[in-house]
Amino acid sequence: MQQLDVVIIGAGPAGLAAAIQCRENDLDVVVLDEFPKVGGRLLGQLHQEPSGEWWNGIEESKALQTKAESLNTDIRLGYSVYHIEKLEKQFVVHTKQQKFVTNNVLIATGAAESPAPIPGWTLPGVMSIGAAQVMTNVHRVKVGEKGIVVGVNVLSAAIARELQLAGVDLHSMALPTRNVVSEDQANPRLVMERLSRIAHLAPSKFIQFGSRFAKWKWVQDLVVQYYPKNGIKMWGMPIYLNKAIKQINGTDKVESVTMVDVTMHGDIIGNSEEEIPVDFVCIAGGLYPLAELAGVVGCPFIYSEELGGHVPVHNEKMETPVAGIYVAGNITGIESSKVAREQGKVAGLAIVIKEKNTSEITGKLQTAISEVKATRDAASIQFHPHIPEGRAKVSAAYDDLVKAQEVEKELEYV
Amino acid sequence: MNNRIVDHPVLGQIDQKRKVTFQFDGKTYEGFENDTIASALLAHGVRTLRKHEESGNPRGIYCNIGHCFECRVTVDGEDNVRACLTPIQENMVVESGQVQPHPLDPSKEGVKPRTYAEYKEQEGQK
């Protein structure tokens, strides 16, 4: 059986950027992805940067693919990885089609969408906002005639704009009503705090005003308390922090939603029900790191709200405490695809240094590490204001674990 | 294919790729090369891809990226294939999922056990 230097799981920006570094240094690489196209979540992205330039995920993905293919990178699409088996010094990556034996694995599986379940959400026509994004921008299929977005956050605001661009009509964006799962997403005060981070993209003086004083909690309280009855409009579409969707109605498919007024704490105001006819609903609960495979192979985890959930412990070189297992991209925390791409570069170079036992490219690795930080600082969409603190927490956890491992080894010698 | 976004202000005109015909529940549909089963069907307004195995409630795509398994269909005789990840092929036969017999007690109508404890209790009563 062929022995690979590295198997890269995920052909998104992180995985492909890593593959390019590995191939430039002649490593034996296989890139696996279960989607039929390369690009991962980058593929669907389409937004205007503050500079006015368009960020086109299809073009960015194509650029990475072309570069990788020019280096004869073996990219297998339609391959679902369901297990990583740890041997003494190697790993076996299991897919339905075949097994791959490899010295290293880079897990670049990206992110999944959190649900915001409300009654009726299993009806055909209800989908995650990311699903609507891919249908619209990648497959060029209209998800419906008129819809509504349930969940107000950085991601849903950006994608709502993309749907509008493609001529898909949206009634509005509103919150889900509160339940055990949607707790935070149903709290207008918390949603306002998070929304203020994309306020510079909003042509609304009201939100901009709120965000400029983001540090001053009482100003945000005022904004939520005196939220305009007809919503704040972003690109002509109302965003409601004072209305929530209680239920999705229909027999065989979505026919309408029931909207209610809510207080600034997310409590339903009585006698405020209104039925709004729609034929599709996008549920937007935000993203969390998709990290099961890291769990399967024994990576320790740490919870970081700043990074969007449980992430595998890793250091700046994207190494996990399990020697030979690397992570890059959104599995390490929810950030922009540009950051993911830079992280992929770092992981690729780190793997090259390990496999080639060379220090020639150590300088390159250091540059790549500082590029990750520079890209993070320059990002126009911040998913969380305290990402650097979250990153520091993860690095500290890595150092602690490695120290503990060393102590354990010493004790074995004794 | 009435639900296609043909012109887009930023992405431009849709690529007129090779057409592919396939079957879904006995009906013939046309899609573009590189369409997934899910996108090709949605372009024709088909939203329901299966019935829930137990309740029979209609289900369609949810995540469209392979995570939720809501769009599982039967493709050329193979069960539990995700429609959102599977590109259409010429003459592919796709079937929607249907209600399945209950795994614990297919013959019995009436109250189905909801937990293992309830199942044990019912077993004991026999």
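This is a predicted model: local features need pLDDT of at least 70, side-chain atom pairs count only at pLDDT 80 or more; totals for chains, interfaces and linings use all residues.
## A walk through chains A and B

Helices (H or I, at least four residues) and strands (E, at least two) are DSSP runs, numbered from the N terminus. Residues are numbered from 1 along each chain as its sequence is written, and chains are lettered from A and ligands numbered from 1 in the order in which they are written.

The crossing of H1(A) and H9(A) is right-handed (the near helix is turned clockwise from the far one by less than a right angle). Residues making the contact include A:Pro13, A:Leu16 and A:Ile20 of H1(A), and A:Ser337, A:Ala340 and A:Ile351 of H9(A). Two residues are in contact if their C-beta atoms, placed from the backbone, lie within 7 Å. By class, this helix contact has 13 nonpolar, six polar and two charged residues. Here Ala, Val, Leu, Ile, Met, Phe, Trp, Tyr, Cys and Pro count as nonpolar, Asp, Glu, Lys and Arg as charged, and the others, Gly among them, as polar.

Two residues of chain A are worth a visit. A:Ser337 is part of helix H9 of chain A, and A:Gly231 sits in the loop between helix H7 (217–225) and strand E13 (232–234) of chain A. A residue is buried if 20 or more other C-beta atoms lie within 10 Å of its own, exposed if 12 or fewer, and partly exposed in between. A:Ser337 is buried because it has 24 C-beta neighbours inside 10 Å, whereas A:Gly231, with 18, counts as partly exposed. Leaving aside neighbours within four places in sequence, A:Ser337 is in contact with A:Pro13, A:Leu42 and A:Gln45. With residues up to four places away likewise left out, A:Gly231 touches A:Ser172, A:Pro238, A:Ile239 and A:Tyr240.

Here are C-alpha distances for these two residues:

| Pair | Separation in sequence | C-alpha distance |
|---|---|---|
| A:Gly231 and A:Ser172 | 59 residues | 8.9 Å |
| A:Ser337 and A:Glu60 | 277 residues | 9.9 Å |

Next comes strand E17 (residues 280–283) of chain A. A:Phe280 and A:Cys282 point one way from E17(A), A:Val281 and A:Ile283 point the other way, and all are buried. Strand E10 (residues 126–128) of chain A runs parallel to E17(A), joined by three bridges, and strand E11 (residues 146–150) of chain A pairs with E17(A) in the parallel sense over four bridges. Two strands pair if DSSP finds at least two bridges between them. A:Val281 stands opposite A:Val126 and is also the bridge partner of A:Ile148.

Chain B has an open sheet of five strands in the order E2-E1-E7-E5-E6, with mixed pairing. Strand E2 (27–32) and strand E6 (78–82) of chain B stand at the edges, each with a single partner strand, so one side of each lacks a neighbour in the sheet.

Finally, the two chains meet: 28 residues of chain B are in contact with 27 residues of chain A. On the chain B side, H1(B) gives the most, with three residues.
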